[in-house]
Amino acid sequence: MNNIYEATSSNISKAAEVIKNGGLVAMPTETVYGLGANVYNPTAVANIFAAKGRPSFNPLISHIAELDFLPTYAKTDSRVMALAKKYWPGPLTFVLPRFESDTNAAIDLACAGLRTITVRMPNHPVALELIKKSGVPIVAPSANKSQTISPTTAQHVADSLGDKVDMILDGGACKVGVESTIIDVTGPHVVLLRAGGLSLEELEDFLNEKVLISHGNPDLPSSPGQMLKHYAPSHQMRINAEAPMEGEFFIGFGDVQGANLNLSPSGDTSEAAANLFSYMRYADAQLGYTGIAMSPIPETGLGLAINDRIRRAAYKK
Ligand code: TXA
Ligand code: MG
């Protein structure tokens, strides 16, 4: 079954009807593709968890299309609004307190019963048009099976979820390539829960203060990246590799010799992030290799997010 649709205006309208009627739509965002549903429809929200094989204690991000909607949806303050004004639409997700009056059962499910809610505004015209036409916030995790590599093309979504999703809107390859940066802004200090498409340096520069880094409890994740095994390719990954060992597919970074693919020959971490998941999938699908080796990546810029992902991909239980 081919459920990939070019993201034309009429197909986006069709997808908005699917969302309103409780179906699942995969949508492109600037980070990765999301598996979207109407946040106010409990069956649709439950179907997301089922389609991904995702544990229901792992909450979902609400995607919105208008800044003014944010303070009606969750508790905000001037710091949050200033960050949203600066970085939205874009790869920054807030964990915010829910209103006491918010006792919506579908939202409870989306938030895994927590009294906090995560919200972001994606920087992709197709996602924004879909949200506006649907008229509701769209909850969307990455559109892949739980614990596997996130999708950065419509075909990746089809390969991972097949007919579990009603429509896949094809908006091309995702430009950022790693998931959004998630910060907890429920307390006095900004806490980084997941390194992502907005760099820590950029955030700290804007806030003019240090952001605290949460390493979480891997057995009781409050954010996905905190699960030790995540983003798992089926081949064993070896990171910080200067050269491949026998049988390994070598993904390079910067000026290295003998790489099968290079994330960024010039050593640009943003370019590397955009290629990361595609190259990991490609490497994983090649026959005749027994493992994947990857060059060291600097911990600066989007390197922080890349290292977070590949460390988990390389995790051995
Ligand atoms: O870039 C992205 O963020 C993509 C695109 C589709 O927007 N979405 C994404 O969603 O990566 P997902 O579900 O794969 O990862 C978001 C993670 C959840 O796994 C969850 O652990 C964390 O955000 N999260 C959601 N609500 C939370 C909350 N209230 N407190 C702490 N972490 C939360
Ligand atoms: Mg995910």
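Which residues do ring pairs link into a cluster? In this predicted model, for which local features need pLDDT of at least 70, side-chain atom pairs count only at pLDDT 80 or more, and totals for chains, interfaces and linings use all residues, the cluster consists of Phe-249, Tyr-282 and Tyr-289, joined by ring pairs. Residues are numbered from 1 along each chain as its sequence is written, chains are lettered from A and ligands numbered from 1 in the order in which they are written, and side-chain values use heavy atoms, with hydrogens and water left out.

Rings of Phe, Tyr and Trp (its six-membered ring) were taken to pair if their centres lie within 6.5 Å, with planes under 30 degrees apart counted as stacked, over 60 as edge-to-face and the rest as tilted. By this rule the count comes to five aromatic pairs. One of them is the tilted pair of Trp-88 and Phe-94, with 5.3 Å from centre to centre and 50° between the planes; both Trp-88 and Phe-94 are buried (buried means under 20% relative accessible area, exposed over 50%, and partly exposed in between, with a 1.4 Å probe and protein chains only). The pair of Phe-249 and Tyr-289 is edge-to-face, because the ring centres lie 5.2 Å apart and the planes stand at 80°. This pair links distant parts of the chain, 40 residues apart, since Phe-249 lies in strand E13 (residues 248-252) and Tyr-289 in the loop between helix H9 (269-285) and strand E15 (291-294); helices (H or I, at least four residues) and strands (E, at least two) are DSSP runs, numbered from the N terminus. Phe-249 has a relative accessible area of 3% and is therefore buried, whereas Tyr-289, at 26% relative accessibility, counts as partly exposed.

An open sheet of mixed pairing is formed by eleven strands in the order E1-E8-E2-E3-E7-E4-E6-E5-E9-E10-E11, two strands being paired if DSSP finds at least two bridges between them. Strand E1 (4-6) and strand E11 (212-213) are the edge strands, each pairing on one side only. Within the sheet, strand E3 (residues 34-38) and strand E7 (residues 138-139) pair in the antiparallel sense over two bridges, and the bridge partner of Asn-38 in E7 is Ile-138.

The buried residues of helix H6 (residues 125-134) are Val-126, Ala-127, Leu-128, Leu-130, Ile-131 and Ser-134. These buried residues pack, with contact meaning heavy atoms within 4.5 Å, against helix H1 (9-20), strand E2 (25-27), strand E4 (61-63), E7 and strand E8 (167-170). Just after H6, Gly-135 takes a positive phi of about 75°.
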